[in-house]
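Dear colleague,

I am handing over the structure below, and after it I set out what was found. Please read the notes with the coordinates open beside you.

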Amino acid sequence: MNNFSNPAVVVSDEVASALEDGRGVVALETTIVVHGLPEPVNLEVAEACEAAVRASGSIPATIGLLDGRVVVGLTSNEVAQLADEERHAAKLSARDLGVAIAAGRDGATTVAGTIAVARRSGIDVMATGGLGGVHRDAQLSFDESADLVALARYQVLVVASGVKSILDIGATLERLDTLGVPVVGLGTNRFPGFYRRDSGHELDWSVLNAREAARAFLAHRLFSSTGMLVANPIDAERELSSDLHDRALADALEKARVLGVRGKDVTPVLLAEFARSTAGVSVQVNRDLVVANAALAGEVARSIAHERS
Ligand code: PSU
Ligand code: MN
């Protein structure tokens with residue numbers, strides 16, 4: 001089944017039959033693989049996320065654009081093609097999809113781009129590392145990730161380890177409030193700070209497990225057309241130490257300021273500087289949290305499928 005019935009979108013046989021059978025399906029993004037993590041860990045993460053979703057009893061649907069066709073359920077070969085630097089895959093938010101399709105481009109989808117595709121394909125759940133958010137200088141730059149508006153627009157449950165600490169976390173939570181997007185901690189009422197378990201911000205709501213998250217989302221959908229954020233903190237023994245974190249954060253913000261980066265490049269530059277400053281430790285933490293989020297998303301998708309049947 002192809003809900004798009006449009007040649008610009010190709011749904012893999014495995015994903016199409018999982019959707020038809022009412023099984024849990026988890027959308028996975030590709031920006032993290034192409035623009036967020038260095039080689040060779042990026043491709044290992046893509047594989048590990050798919051394996052984690054399968055181990056939770058759901059089917060992964062990695063999403064990206066190849067030669068102007070949106071693929072829902074990329075093979076690992078196709079992910080590797082996208083990540084090949086020579087192909088210069090673009091970073092695609094929701095607004096970029098149509099233009100990139102028409103231009104016949106390759107592209108990696110962000111959270112916003114991925115949930116736009118997921119929603120239209122009938123996929124309810126997505127996993128990522130950290131949601132995009134409001135940048136620290138947003139009052140001057142107006143830089144607020146389109147991920148926030150996309151979550152308000154597309155009814156998809158996103159599992160993330162909060163938002164990256166490079167952002168203005170308090171402002172991001174305020175925007176999610178305004179946009180009507182519920183934020184629910186998994187086993188915690190503290191909002192996670194990506195590399196660290198606790199960003200210092202409290203949450204109004206928490207759930208104990210994937211099943212409760214699934215039920216909350218199904219109930220939310222009775223009254224609202226927005227998505228929902230399930231905030232899953234990294235394991236305590238895997239988080240970045242506060243010393244290392246604070247030093248890397250200062251380095252990263254300074255680097256971005258000196259380079260004067262703008263727009264789409266801001267997040268990749270900050271993440272790369274974090275990796276340099278922590279001698280790769282932040283990459284390992286990022287890897288671990290994304291894979292854990294994929295596993296949780298797999299459980300949530302399976303619970304949603306179960307509750308509906
Ligand atoms: N999570 C990660 N690494 C990433 C991202 C998320 O662990 O690179 C990506 C996602 O694709 C997210 C994007 O949508 O960062 C945010 O980019 P921007 O701030 O330009 O909206
Ligand atoms: Mn931005």
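Contact here means heavy atoms within 4.5 Å, and helices (H or I, at least four residues) and strands (E, at least two) are DSSP runs, numbered from the N terminus. This is a predicted model, in which local features need pLDDT of at least 70 and side-chain atom pairs count only at pLDDT 80 or more, while totals for chains, interfaces and linings use all residues. Residues are numbered from 1 along each chain as its sequence is written, chains are lettered from A and ligands numbered from 1 in the order in which they are written, and side-chain values use heavy atoms, with hydrogens and water left out.

In helix H11 (residues 242-259), residues including His-245, Leu-249, Leu-253 and Leu-259 meet residues of H12, among them Val-269, Leu-270 and Phe-274.

Helix H3 (residues 41-55) has 15 residues, which at 1.5 Å a residue should span 21 Å, and its end C-alpha atoms are 20 Å apart, which agrees; the expected span is 1.5 Å times one less than the number of residues. In the loop between H2 and H3 lies Pro-40, and the peptide bond from Glu-39 to Pro-40 is cis, with omega near -5°. H3 is followed by Gly-57, whose phi is positive, near 90°.

Two residues other than glycine also have positive phi: His-88, near 45°, in the loop between H4 and strand S5 (90-92), and Ala-279, about 50°, in the loop between H12 and H13.
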